[in-house]
Amino acid sequence: MTTHDLPVIAAVDGSTHSWQALDWATHEAERRRLPLLIVHVRPLTRTADEETQLREADELLAEAVRRSEALAPALNPSTLAPLDFPAAALVSLGRDASMVVVGSRGLGGFRSLLIGSNSLATASMASCPVVVVQDGGPDEDDRPEEAGTSSDIVAGVAADESSEAVLEFAFATAAARPGARLRIVHGWTMFSSMLAGGPVFDRETAADSARRGLAELTSGWQERYPQVEVVREPVNGSASRTLVTASATAALTVIGRRRGGESLGLGLSPVAQTTLTHALGPVAVVPC
């Protein structure tokens with residue numbers, strides 16, 4: 001199996017958020033012509049005997065398959081029900097996956113939390129991209145009416161080589177969606193300009209430097225994906241605020257994190273953490 005054949009993994013637990021994640025994963029697997037693996041992790045803390053637990057897992061996975069096949073009849077998903085801690089199982093399975101797709105919160109999650117601990121841990125530690133399908137936060141009625149209506153893919157990048165993995169995932173995602181536009185967002189400040197050896201006191205010159213840097217960073221990728229319309233957005237100010245705002249109407253917001261996270265949140269930068277926990281649409285966290 002080549003890297004282009006690795007499955008999209010959808011994690012389900014019966015919660016509304018996990019069904020949303022399954023729907024998203026089904027559509028993405030169909031677009032990318034990848035296998036779909038539906039996973040229900042049976043918890044190590046058992047509230048029922050093993051026979052009952054296995055039967056409930058089988059019933060849940062059968063329902064998930066029916067739901068997926070109704071959306072994409074030709075997909076023929078496979079299923080798996082490992083006995084493990086949810087995040088640990090998904091991180092392990094993610095070593096041989098194109099991406100892992102999870103809901104923002106699972107069963108038993110506190111309503112006040114914008115993202116559950118298992119989703120955050122998986123996004124922080126997996127070696128493949130993790131898509132967290134957000135539901136708009138605790139006050140769903142306050143979500144903008146236009147949320148999710150755009151086909152835009154939004155990618156947040158830093159002005160260095162650490163953004164290569166983010167750009168690769170973002171361009172491939174946009175290319176799989178006919179007519180999708182890729183908005184590449186880079187937040188800059190006078191301080192970041194100084195650290196990069198650029199202008200320190202001239203704001204307009206610093207802005208020009210940020211625009212040139214972003215163009216250089218993305219030029220090679222646009223040559224590889226000429227069918228993708230690209231909009232470059234160097235933003236003077238908070239990148240996380242810009243990404244959270246953009247997420248309300250984006251089909252997907254793509255952000256990066258450091259590789260090798262070993263504990264909850266360790267691999268997430270402040271921008272990634274803020275974007276992931278406050279986004280109003282699906283977010284892909286890409287190891288970089």
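The entries below go from the whole chain to one strand and its neighbours.

**Ground rules.** I am working with a predicted model, where local features need pLDDT of at least 70, side-chain atom pairs count only at pLDDT 80 or more, and totals for chains, interfaces and linings use all residues. Residues are numbered from 1 along each chain as its sequence is written, and side-chain values use heavy atoms, with hydrogens and water left out.

**Whole chain.** I looked up the secondary structure and found nine helices and 10 strands (DSSP runs, H or I of at least four residues for helices and E of at least two for strands, numbered from the N terminus). Of the 288 residues, 49% are buried (under 20% relative accessible area, 1.4 Å probe, protein chains only). Next I checked contacts (heavy atoms within 4.5 Å): among those with a separation of 6 or more, 76% are between residues 24 or more positions apart.

**Strand β2.** I then turned to β2, residues 36-39, and asked which of its residues are buried on each side.

Strand β1 (residues 8-11) runs parallel to β2, and four bridges join them (strands pair if DSSP finds at least two bridges between them). Val8 stands opposite Leu36 in β2. I traced the chain from β1 through helix α1 (residues 16-32) to β2 and noted a right-handed β-α-β crossover (clockwise from the first strand over the helix to the second, with the strands pointing away from the viewer). Strand β3 (residues 78-80) is also parallel to β2, joined by three bridges, and there I found Ile38 opposite Thr79.

How values were computed. Buried < 20%, exposed > 50% of the residue type's maximum accessible area, 1.4 Å probe, protein only.
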